[in-house]
Amino acid sequence: MDNELQKNGDDRSPGEPIIEITEMHKWFGDFHVLKNINLTVHKGERIIICGPSGSGKSTLIRCINRLEEHQKGRIIVDGIELTNDLKNIEKIREEVGMVFQHFNLFPHLSILENLTLGPVWVRKVPKAEAEETAMYYLEKVHIAEQALKYPGQLSGGQQQRVAIARSLCMRPKVMLFDEPTSALDPEMIKEVLDVMIDLAREGMTMIVVSHEMGFAKSAAHRVLFMDEGEILEENIPVEFFENPQHERTKLFLSQILH
Amino acid sequence: MVDSSQSMQAEQLKPPITRIGVIGWLRANLFSSVFNSVLTIVTLYFLWKIVPAFVRWAFIDSSWDTTGAACRAAGGACWSIVTKNLRFIIFGFFPYESQWRPLVAMIILFILLLLSSNRRFWKKSLGYAWLLGLFGMGLLLKGGLFGLSSVESTKWSGLPLTLLLSVFGLTAAYPLGIALALGRQSRMPAIKSLCIVYIETIRGVPLISLLFMSSVMFPLFLPEGITINNILRAQVAIILFTAAYIAEVVRGGLQAIGRGQYEAAESMGLNYYQKMRLIILPQALKIVIPPTVGILISAFKDTSLVVIIGLYDLLKTTQSTLSDPRWMGFSIEAYIFIALIYFAGCFSMSSYSRRLERELYRGN
């Protein structure tokens, strides 16, 4: 498995760019959270973003679907530029799936209803068809038997797998993962990572904020290291871990690997 | 062997028995300390003083179908004031021979409410049933069609009036309150400040003053010759008043919903209305069921304040009965009777809300 995915990483035959971020800046009040971000993500590419807390990595991916607004520079997703135009924002959000640290399932809806809500209301898919798709993806994340339960009755790992399936039901072109395993108990991390690796194997474009170095080594094409709002270093996983260039990267790696 | 017997023991241990039988229960619940024992004895003393006397007054010595004079002779409770004046208390000034009409209207209303209380019936057909029912009830009260004699709305009184004011007052105030709560959270400054001013102004004045304004001041601003029905004006005042309170309760519920729910809904591409209708409001409204029902219950009872603008609701028709010299002095019995009616209304609202909370429980 490692080899197969690694190979993809090595020969990097990038498809056309699907996300282009150029000279992007963001401030929270006076605080400069993101500084001159330049990043191009190609179709089928998988990128891991790591870095110390407060480095702006979550904020960066939240800018991609406008959960946060950037103040300077350009973000183009699937050919559409993110501006204040609500129509554009909604169009981009349809194409970009997001998985959150705290799952954010809708507690008042059953698992099945969580999965069909987006397709039915946003994509206008007929209900029966949406349910069929939902069951297909639940099967895929190995949780189909829980379809009629409510989120509150599931474990954290199960909830996160449902959240991934919920995003997939919208058939997104890009998936964003915002620290998908950091709120999970240790024994549940693997079941979520396994689902993500399956997804990677199918060629989904993924941007993952995570410190799961195992996942980065086996599934990512590129690893980005961020600190204090800047992308400090960017490399293929093997090089990144074995031969970090920047002092701060070395320090960070020594802290999380020991 | 040792292992298995140990695990058997560990599994099958029962909780230690701390109370046995009636004596044990009494000791644990009524006489567990000196203070509790004193309380128990004092309570028992008062019950012994009150209950037998009340039973004697209300049931043994009571008269049920006599004249007022006979009641006075009997000495006990005079329920005759209720039975003999029942039709006036319930229907007020509605023409005597047509009083079956408000009765049928109320039965229709109760059936519709009962159907609506079961969420399995929440389908389109129920909406049509309400439309039809509203038309039917209106026709029965107002008349003037299909050979029904026309009845002036000034003659509407008693229980039908109370129900009219409260059922429509509450059902209209609830959505208006939700809209105000959403408006208060709006990012648009004009809408936001409008809603804040509205809510704070209405909450700053008593319902009585609103009712006075609607019946005395409001007509002064209308052009000559145009009058708006007194009942309608009271109805609007009740709706506006209740909505402001509901708005604040709903706002509390909205604040209890975490940022993550908004973000999850937004990241799917749901627009504002879908997000609110499908994700945020269902959760927020569920959280605030108990305080909302509190407001609805007090609004239901507050409809009795319309007496001060001359509307004859259930409370006022009862008071009129009491001012009849033949029945003077039996106010306790009459008030107990309408208290029971109000209690039935309030209690069904609160038990319905408890049922709703159970049905909406989702293991979280």
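This is a predicted model: local features need pLDDT of at least 70, side-chain atom pairs count only at pLDDT 80 or more; totals for chains, interfaces and linings use all residues.
The side chain of A:Lys250 meets that of A:Glu247 in a salt bridge, with 3.6 Å from N to O. A:Glu247 counts as exposed, because its relative accessibility is 57% and the cut-off for exposed is over 50%. Both residues belong to helix H10 of chain A (residues 247–256), where a spacing of three residues separates them by about one helical turn. Side chains of opposite charge can pair when their charged atoms come close.

A:Glu234 and A:Arg222 form a salt bridge whose closest N and O atoms are 2.4 Å apart. A:Glu234 lies in strand E10 (residues 230–235) and A:Arg222 in strand E9 (residues 222–227) of chain A, so this pair ties together parts that are twelve residues apart in sequence.

In chain B, a salt bridge links B:Arg355 with B:Glu359, and the closest N and O atoms are 3.2 Å apart. These two residues sit four residues apart in helix H16 of chain B (residues 331–359), about one turn of the helix. B:Arg355 is partly exposed, with a relative accessible area of 30%, and B:Glu359 is also partly exposed, at 34%. Elsewhere, salt bridges with shared partners join B:Arg184, B:Glu200, B:Arg203, B:Glu248 and B:Arg251 into one network. Over all chains, the count comes to 27 salt bridges.

The next topic is the meeting of the two chains. Here, 25 residues of chain A are in contact with 20 residues of chain B. Together the chains bury about 2000 Å² between them, and 61% of this area is on carbon and sulfur atoms. One salt bridge is found across the interface: A:Arg62 pairs with B:Glu263, with the closest N and O atoms 2.6 Å apart. Six residue pairs are in polar contact across the interface. On the side of chain A that touches chain B, the elements giving two or more residues are helix H3 (86–95), strand E6 (96–99) and helix H4. Of these, H4(A) gives the most, with four residues. By class, this side of chain A has 13 nonpolar, six polar and six charged residues.

Helix H4 of chain A (residues 111–121) deserves a look of its own. This helix is mostly covered, with eight of its eleven residues buried. Among the buried residues are A:Ile111, A:Leu112, A:Asn114 and A:Leu115. The cover over the buried part of H4(A) includes helix H5 (127–140) and helix H6 (156–169) of chain A, together with helix H13 (272–287) of chain B.

Leaving aside neighbours within four places in sequence, B:Leu254 is in contact with residues including B:Ala181, B:Leu182, B:Tyr262 and B:Ile280.

Technical notes. Residues are numbered from 1 along each chain as its sequence is written. Chains are lettered from A and ligands numbered from 1 in the order in which they are written. Side-chain values use heavy atoms; hydrogens and water are left out. Buried means under 20% relative accessible area, exposed over 50%, partly exposed in between (1.4 Å probe, protein chains only). Contact means heavy atoms within 4.5 Å. Buried area is the accessible area (1.4 Å probe) that two parts lose on being put together, summed over both. A salt bridge is a side-chain nitrogen of Lys or Arg within 4 Å of a carboxyl oxygen of Asp or Glu. A polar contact is a pair of N or O atoms within 3.5 Å; within protein, one must be able to donate a hydrogen and the other to accept it, and residues adjacent in sequence count only if both atoms are side-chain atoms. Ala, Val, Leu, Ile, Met, Phe, Trp, Tyr, Cys and Pro count as nonpolar, Asp, Glu, Lys and Arg as charged, and the others, Gly among them, as polar.
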